[in-house]
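This report goes through one protein model, from its charged pairs to its core and surface. Keep the sequence and the 3D view open while reading.

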Amino acid sequence: MHAFDVLGDPVRRRILELLAGGELSSGEVSEVVRREFGITQPAVSQHLKVLREHGFASVRAVGTRRMYAVDPAPLREVDEWIGRFRRFWTPHLDALATEIARGKKERRGETT
């Protein structure tokens, strides 16, 4: 499965968002995802399995609990691929930042 196939699923993206905040137990992940997406605990477990099998998440046992964390390696690969396209939006974002700064100066009554 390609990285974008893994990340193409909104449930898996949400799980990664949750894990980006720090390590969570499978129960904690399941509670949030079940509430937000209305899916079963076994379905959440399958999404965690996909993330784990494709290297996006790591798991460690702590007693009877399974603790999940983001593994950044595949995300770096995605970032490198996307990096080839940054030139299309970076100048626009730079221009936007300039206009925002100009607007703030004008609101404060400063001149450029």
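Glu36 is partly exposed, with a relative accessible area of 41%. Here, buried means under 20% relative accessible area, exposed means over 50%, and partly exposed lies in between, with a 1.4 Å probe and protein chains only. The model is a predicted one, in which local features need pLDDT of at least 70 and side-chain atom pairs count only at pLDDT 80 or more, while totals for chains, interfaces and linings use all residues. Residues are numbered from 1 along each chain as its sequence is written, and side-chain values use heavy atoms, with hydrogens and water left out.

**Salt bridges**

A salt bridge is a side-chain nitrogen of Lys or Arg within 4 Å of a carboxyl oxygen of Asp or Glu. By this rule the model has 6 salt bridges.

| Pair | Closest N and O atoms |
|---|---|
| Arg14 and Glu36 | 2.7 Å |
| Asp79 and Arg86 | 2.2 Å |
| Arg102 and Glu99 | 2.5 Å |

What does the salt bridge between Arg14 and Glu36 tie together? Arg14 lies in helix α2 and Glu36 in helix α3, so the pair ties together parts that are 22 residues apart in sequence. Helices (H or I, at least four residues) and strands (E, at least two) are DSSP runs, numbered from the N terminus. Arg14 is partly exposed, at a relative accessible area of 22%.

In the pair of Asp79 and Arg86, both residues take part in a salt bridge. Asp79 is partly exposed at 38% relative accessibility, and Arg86 is partly exposed at 30%.

Arg102 and Glu99 are 3 residues apart in helix α6, a separation of about one helical turn. An α-helix has 3.6 residues a turn, so residues three or four places apart point the same way. Arg102 counts as partly exposed at 35% relative accessibility, and Glu99 is partly exposed with a relative accessible area of 45%. Elsewhere, salt bridges that share partners join Arg14, Glu17 and Glu36 into one network.

**Helix α3**

Helix α3 covers residues 26-37, which makes 12 residues. From its first C-alpha to its last, α3 reaches 16 Å, close to the 16 Å expected at 1.5 Å a residue; the expected span is 1.5 Å times one less than the number of residues.

Which residues of α3 are buried? They are Val29, Ser30, Val32 and Val33. The buried residues of α3 pack against α2 (10-20), β1 (24-25) and α4 (41-53). After α3 comes Gly38, with a positive phi near 65 degrees.

**The nonpolar core**

In soluble globular proteins, nonpolar side chains tend to be buried together. A nonpolar core is a set of buried Ala, Val, Leu, Ile, Met, Phe, Trp, Tyr and Cys residues joined through side-chain atoms within 4.5 Å. The largest such core in this model has 19 residues, and Ile15, Leu19, Val29, Val33, Leu48, Leu51 and Phe56 touch the most other members. Two or more residues come from each of α1 (3-7), α2, α3 and α4. Helix α2 gives the most to this core, with 5 residues.

Contact means heavy atoms within 4.5 Å.

**Helix α5**

Leu75 lies in helix α5 (residues 73-83) and counts as partly exposed, at 31% relative accessibility. Apart from neighbours within four places in sequence, Leu75 is in contact with Leu7, Phe56 and Val70. Leu75 and Pro10 are 65 residues apart in sequence and 16 Å apart in space, C-alpha to C-alpha.

Glu77 also lies in helix α5. Is Glu77 buried or exposed? At 56% relative accessibility, Glu77 counts as exposed. Glu77 and Ala3 are 74 residues apart in sequence, and their C-alpha atoms are 8.6 Å apart in space.

**The nonpolar patch**

Phe4, Trp81, Phe85, Phe88, Trp89, Leu93, Leu96 and Ile100 make a nonpolar surface patch of about 760 Å². Patch residues have over 30% relative accessible area and no salt bridge; like charges are joined within 9 Å, and nonpolar side chains (Val, Leu, Ile, Met, Phe, Trp, Tyr) within 5 Å. Accessible areas come from the Shrake-Rupley method with a 1.4 Å probe, and for residues only the protein chains shown count as cover. Helix α6 (residues 90-108) gives the most to the patch, with 3 residues. Ile100 is found in α6 and is partly exposed, with a relative accessible area of 43%.
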